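Dear colleague,

Please find the structure below, together with its sequence. A short account of the findings follows it.

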Amino acid sequence: MQIGIIGFKFTGKTTLFNVITGAGQPTGVGGVDPHRAVGKVPDPRLDRLTAMFKPKRQVNASVEWVDIPGFQGGMAADGGREGTRFLDHGRKVDALAQVVRCFGGGYGDPDPVGELESMALELALADLQIVENRLEKLAKEKTRMGKVANPLEPPMMQRFREQLENDKPLRDLELNPDEIKMASGFTFLTLKPMIAVLNHAEGEEGPSDAIAAAQAMGAEVVALCASVEEEIAELDEEDAAEFLADLGIAERALNRMITASYGALNLQSFFTVGPDECRAWAVRKGATAPVAAGAIHSDLQRGFIRAEVTAYDDLISAGDMAAAKAANLVCLEGKAYEVQDGDILEIRFSV
Ligand SMILES: Nc1nc2c(ncn2[C@@H]2O[C@H](COP(=O)(O)OP(=O)(O)O)[C@@H](O)[C@H]2O)c(=O)[nH]1
Ligand SMILES: [Mg+2]
């Protein structure tokens, strides 16, 4: 899973990227090329399972963070090289996290609502261009062949155009499964889940008008102070905990970014356990057992027979797997079972 960190220059994108990945990239310098780093998804439940099963290794779920520089207003309209590059990086990620400057200081007065609106407009214009091009192609196809290959596509694209012309993101539209499939090939930016990261000064909070604006765009909201988090990242665990308590920060930036990303992408975790490996996996909420099995390996989905399912809390209260089985807390589930957050799965399959 890839999360793209976007936003205006000097809003704290690279600072945040460093905080959550430990990458140590230079900040305050602008730049053209994206930084990338893969980070573990922390999960205390997985740590506890590792303590219980003592496997050879623990494998956390992971997220690739991409620090995408180079955003300026007016890009989609002028079609320049920087804009194209920025938008292309944005199209390749699964979700967009826009860092918004809410701190003042040397960079002038902040305008968080303005930043959110400019970005939304830019992304909508870029999507509108794709929709217009596509509608033009479809019209030509109709003239030449007398019909279009997929009659469901023109009405969908017209609906998209109307939405974007009203400066509204495509993620607000209700799409049926056919439309989701048709739309997926176009990598629309405003269809991507969005996280608004309100980067405020030390001791402040996310401004309420920016929170409201972000929520109205269907974004998950995280308010943090990236430069304070950067200082905390340099401390050892004990000092960091004390510093966090002093500042009244309940959760660190990485955890909050992960929670927001899982929320925006509608993801949940399930676990596999055993003597070799205890591992966390991410699947969409509502995913059935075979789909979850497919996240592990396509053979497990293809040859899926049954899943042995233990809820994390049940396993913890039972003490170990044998006790959970003895207490009938391990259930055999079929193809229709919807995986729940924290499920421990053992897949029975045959290929
Ligand atoms: N006061 C303050 N400064 C910050 C904060 N986050 C980042 N900065 C500073 O803003 C400047 C730009 O940060 P950078 O991460 O390079 O921004 P980018 O251009 O969006 O990648 C740097 O000098 C940072 O130290 C913050 O939360 N508060
Ligand atoms: Mg940067």
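A residue is called buried under 20% relative accessible area, exposed over 50% and partly exposed in between, with a 1.4 Å probe and protein chains only. Helices (H or I, at least four residues) and strands (E, at least two) are DSSP runs, numbered from the N terminus.

The model is predicted, so local features need pLDDT of at least 70 and side-chain atom pairs count only at pLDDT 80 or more, while totals for chains, interfaces and linings use all residues. Residues are numbered from 1 along each chain as its sequence is written, chains are lettered from A and ligands numbered from 1 in the order in which they are written, and side-chain values use heavy atoms, leaving out hydrogens and water.

Strand E6 (residues 194–199) is largely enclosed by the rest of the structure, because 6 of its 6 residues are buried. Met-194, Ala-196 and Leu-198 cover one side, and Ile-195, Val-197 and Asn-199 the other.

Pairing requires at least two DSSP bridges between two strands. E6 pairs in the parallel sense with strand E5 (residues 95–101) over 6 bridges; there, Val-197 of E6 is the bridge partner of Val-99. E6 also pairs in the parallel sense with strand E7 (residues 220–224), over 5 bridges, and Asn-199 stands opposite Leu-224 in E7.

Helix H5 (residues 112–145) and helix H8 (residues 208–216) have axes that come within 8 Å and cross at roughly 20°; the axes are lines fitted to C-alpha atoms over the stretch in contact, with angles from 0 to 180 degrees between N-to-C directions.
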